[in-house]
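Me: I have a structure open and would like to go through it with you, one piece at a time. Could you keep the answers plain?

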Amino acid sequence: MSMAGSSGAGTRKGPIRPDTVVDAALALVNLGGLESLTMRRLSDALGTQPPALYRLFQDKDALVDAMADAVLASVFGPLPEANWETRVSVLAGRLRAAMLDQRDGARIVGGAYTTRQPTLTVADSLLAAVKEAGFTGEAAVWAITTVFSYVLGEALEQQGRTEVDVEGVQATLSAEDYPHLARSPLPALLDFDARFVFGLRMLTAGLREGAQTFHSGETVPGAASSGTTDSPTDGTPAPTSRTSPSPSPSPSLSSRKAAPAEPGP
């Protein structure tokens with residue numbers, strides 16, 4: 001969405017729709033990054049006033065939640081009729097692609113707390129796959145947060161990378177001081193596609209082994225002895241407050257990052 005057609009603050013005629021605001025917010029982020037997004041700039045781009053936006057979104061956090069849902073919307077679609085590992089890999093690949101398609105998409109999704117349909121559908125699809133693998137209860141929830149955290153971390157690093165002459169850095173490494181680094185193919189660090197595929201294979205292999213351990217009745221490391229079992233209503237992690245600690249982000253439960261300061265309305 002282009003911002004070039006804006007006619008200035010306060011000139012918009014008629015009501016404004018939430019999806020129009022979200023599209024404009026994502027377009028502003030594409031132009032200047034997440035730090036550039038303020039409610040004042042957004043209202044100027046839409047030719048309205050900040051109070052009109054606050055009637056639709058309680059605050060900037062609520063707006064970012066809606067932006068995260070929009071980013072994740074492209075993850076939807078039929079999954080292949082395949083085993084759970086393939087479905088997890090397909091969902092992970094779609095999640096990564098959705099974040100990378102939007103500037104700062106990983107920051108938007110990782111900083112959101114939303115329990116709306118797009119996010120819940122992703123979480124439910126992942127849960128269905130890991131339950132087929134043999135996980136139940138809290139172990140199933142932890143399995144999907146593990147997958148999501150991996151995808152989010154890889155996308156965050158790729159989108160936050162800076163230009164680095166890796167080969168030049170390697171040429172300066174002393175084989176005496178850094179014997180392993182000096183002899184390793186460091187440019188592979190920047191082959192984000194290949195390393196994502198490699199890491200995802202390692203992750204699904206670990207989940208496969210973990211599911212076998214879990215299914216055999218052995219204690220899952222770190223699991224609480226609460227006797228938690230599945231029920232028809234346990235399809236997604238229970239939401240917590242924005243201020244409560246969360247060990248890792250997931251499609252439906254992520255810690256809120258502090259938003260940058262912005263001018264008042």
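Me: Which helices do the buried residues of H4 pack against?
Reply: In this predicted model, the buried residues of H4 pack against helix H1 (18-32), helix H2 (39-46), helix H5 (84-101), helix H6 (105-110) and helix H7 (117-133).

Me: And how many residues of H4 are buried?
Reply: Twelve of the 13 residues of H4 are buried, so this helix is largely enclosed by the rest of the structure. Among them are Leu-63, Val-64, Met-67, Val-71 and Leu-72, and the buried set also includes Lys-60, Asp-61, Asp-65 and Asp-69.

Me: What distance does H4 reach from its first C-alpha to its last?
Reply: H4 covers residues 60-72 and reaches 18 Å between those two atoms, which is close to the 18 Å expected at 1.5 Å a residue. At the start of H4, the backbone nitrogen of Asp-61 has a side-chain oxygen of Asp-59 within 3.2 Å.

Me: Stepping back, how many helices and strands are there in the chain?
Reply: There are eleven helices and zero strands. Of the 265 residues in the chain, 40% count as buried, and residues 24 or more positions apart account for 75% of the contacts with a separation of 6 or more.

Me: New topic: which residues does UniProt list for "DNA-binding region"?
Reply: The UniProt record, an unreviewed entry, lists residues 38-57 under that name. In the model, the chain over residues 38-57 is 65% helix and 0% strand, with its end C-alpha atoms 13 Å apart.

Me: How many aromatic pairs turn up in the whole structure?
Reply: A search of the whole structure finds one aromatic pair. Tyr-150 and Phe-196 form that pair, and their rings are stacked, at 5.5 Å centre to centre and with 15° between the planes.

Me: Where do Tyr-150 and Phe-196 lie?
Reply: Tyr-150 lies in helix H8 (residues 137-159) and Phe-196 in helix H11 (residues 192-215), so the pair ties together parts that are 46 residues apart in sequence. Phe-196 itself counts as buried, at 5% relative accessibility.

Me: Now Trp-84, which residues is it in contact with?
Reply: Leaving aside neighbours within four places in sequence, Trp-84 is in contact with Ala-129, Glu-132, Ala-133, Thr-204, Leu-207 and Arg-208. Trp-84 has its place in helix H5 and counts as buried at 9% relative accessibility.

Me: Last one: what is phi of Asp-104 near?
Reply: Phi of Asp-104 is near 55°, which is a positive value in a residue other than glycine. For background, most residues other than glycine have a negative phi. Asp-104 is found in the loop between H5 and H6, and this residue is buried, with a relative accessible area of 13%.

Note on methods: Residues are numbered from 1 along each chain as its sequence is written. This is a predicted model: local features need pLDDT of at least 70, side-chain atom pairs count only at pLDDT 80 or more; totals for chains, interfaces and linings use all residues. Side-chain values use heavy atoms; hydrogens and water are left out. Helices (H or I, at least four residues) and strands (E, at least two) are DSSP runs, numbered from the N terminus. The expected span of a helix is 1.5 Å times one less than its number of residues. Buried means under 20% relative accessible area, exposed over 50%, partly exposed in between (1.4 Å probe, protein chains only). Contact means heavy atoms within 4.5 Å. A polar contact is a pair of N or O atoms within 3.5 Å; within protein, one must be able to donate a hydrogen and the other to accept it, and residues adjacent in sequence count only if both atoms are side-chain atoms. UniProt positions are given in the numbering used here, feature names are shortened, and annotations may be inferred rather than shown by experiment. Rings of Phe, Tyr and Trp (its six-membered ring) pair if their centres lie within 6.5 Å; planes under 30 degrees apart count as stacked, over 60 as edge-to-face and the rest as tilted.
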